[in-house]
Amino acid sequence: MAKDRDIDVLVIGAGIAGLTAALCLQEGGVRVMVLEGNAGIGGRVQGMRGDDGAALGDLGPTWVWPRWQPVVARWMDRLALVPFAQHDAGDGILEGFGGEPRRHPLIGQDGISRIEGGPSAIVDALAAKLRPGTVQTGATVVRVEADDGALRVITATGQSQSAARVVLATPLRGTLERIAIAGLAPPLERAMRAAPTWMAQQAKAVAIYPRPFWREAGLSGRVASRSGPLAEVHDHTPASCSAGALFGFVGIGVTERASDPEALRCAILDQLARCFGPEAGTPTQLVIKDWAQEPLICSALDLATPPEHPDVGPETLRAGHLDGRLWFAVSESAEQSPGLIEGAFSAGEMTGQRVLAAL
């Protein structure tokens, strides 16, 4: 780590919100460092890549709505990211609604889009704008404490760094459970516990094929299922169409899917073959990402409560604490689109601006 007081602001967490906050702070002339507990950056944004490095699929969030999300539209323009429409042309498949799976039109969402290169392109573009050495991975923060008018951050390996301000860009519930912070006001702790971590209990499956063969049959790639194991499926083909891809949200519980991962894989392949034909049962890759198994994302409280989308939380989540030295910047703390990619951009940008004003 840098020498004490070489850093003005420490950002904890290198997801979209943390990297956005760090970039805003850097552009404001602040010396900033980002500490990330995982081996790589991105937080809930993770992608699959081919041997040539091209993006194949998203294991975390996928969609943006630039037409309806002005913050997303502005940042995508700034980062030179290219949206493309979610493929929705053709019939969907209904499964578990009586009888065999059958074709049926399914209503789409106006303005729903994907990003060339996936959301990982957001992370890469933000990181590329930060000064070399700004982000340190493998640095899991376990404690934040007062330090002579500043705050000191201590990692699991015993390293420490002091800074005038600290921005916590980590899921709110997990922050309470994994980072010891003395002096948090009870209303703030209550607001943090009340903010469900979006995607925390979710598992996502991505299947890769040589081509999107379902399109040739006039199918959109969508499935709405009552029998599962995937509750819904969507076309996930890259913009280049260099491969075909489908993704689905696993609709069975955390304990059941973790008890027999191989049975889950077989059940997913069987379901894809039922809905799209035998070719769908033999993808070149099938990756299942279970976010409930990610300790830096999913908290014990998330596992103990029903999954739900976070609402806009109280203003205390966007205010400074511990005499204005401690701030939060994570999608669930956003004042708009909490839990979504736009929420992450919004939270990071707002917190960066407010910290700059407070320095």
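These are my notebook entries on what I looked up in this predicted model.

**Ground rules.** I number residues from 1 along each chain as its sequence is written, and my side-chain values use heavy atoms, with hydrogens and water left out. Local features need pLDDT of at least 70 and side-chain atom pairs count only at pLDDT 80 or more, while totals for chains, interfaces and linings use all residues.

**Entry 1: Lys 289.** I found Lys 289 in strand 19, residues 285–290. Helices (H or I, at least four residues) and strands (E, at least two) are DSSP runs, numbered from the N terminus. Is Lys 289 buried or exposed? Lys 289 is buried, at a relative accessible area of 12%. Buried means under 20% relative accessible area, exposed over 50%, and partly exposed in between, with a 1.4 Å probe and protein chains only. I then listed what Lys 289 touches, leaving out residues up to four places away in sequence: Gln 46, Leu 59, Gln 202, Ala 203, Lys 204 and Glu 294. Contact here means heavy atoms within 4.5 Å.

**Entry 2: cysteines.** I looked for disulfides (a pair of cysteine sulfur atoms within 2.5 Å). The search of the whole structure gave zero. For Cys 266, the nearest cysteine sulfur belongs to Cys 275 and is 16 Å away. Cys 266 is partly exposed at 38%, whereas Cys 298 is buried at 5%.

**Entry 3: the largest core.** A nonpolar core is a set of buried Ala, Val, Leu, Ile, Met, Phe, Trp, Tyr and Cys residues joined through side-chain atoms within 4.5 Å. The largest has 36 residues, and Phe 345 is one of those with the most contacts inside it. Which element gives the largest share of this core? Helix 1 does, with seven residues. Phe 345 is in contact with residues including Ile 16, Trp 75 and Leu 126. I also noted a second, separate core of 26 residues, with Val 153 and Phe 328 among them.

**Entry 4: salt bridges.** Side chains of opposite charge can pair when their charged atoms come close. I counted a salt bridge where a side-chain nitrogen of Lys or Arg lies within 4 Å of a carboxyl oxygen of Asp or Glu. The count is 21. Asp 8 pairs with Arg 31, with the closest N and O atoms 2.7 Å apart. These two partners are 23 residues apart in the chain. Arg 211 and Glu 279 meet at 2.8 Å, N to O, and are 68 residues apart. Arg 211 is partly exposed at 34%, and Glu 279 is partly exposed at 35%. Salt bridges with shared partners join Arg 211, Glu 216 and Glu 279 into one network.
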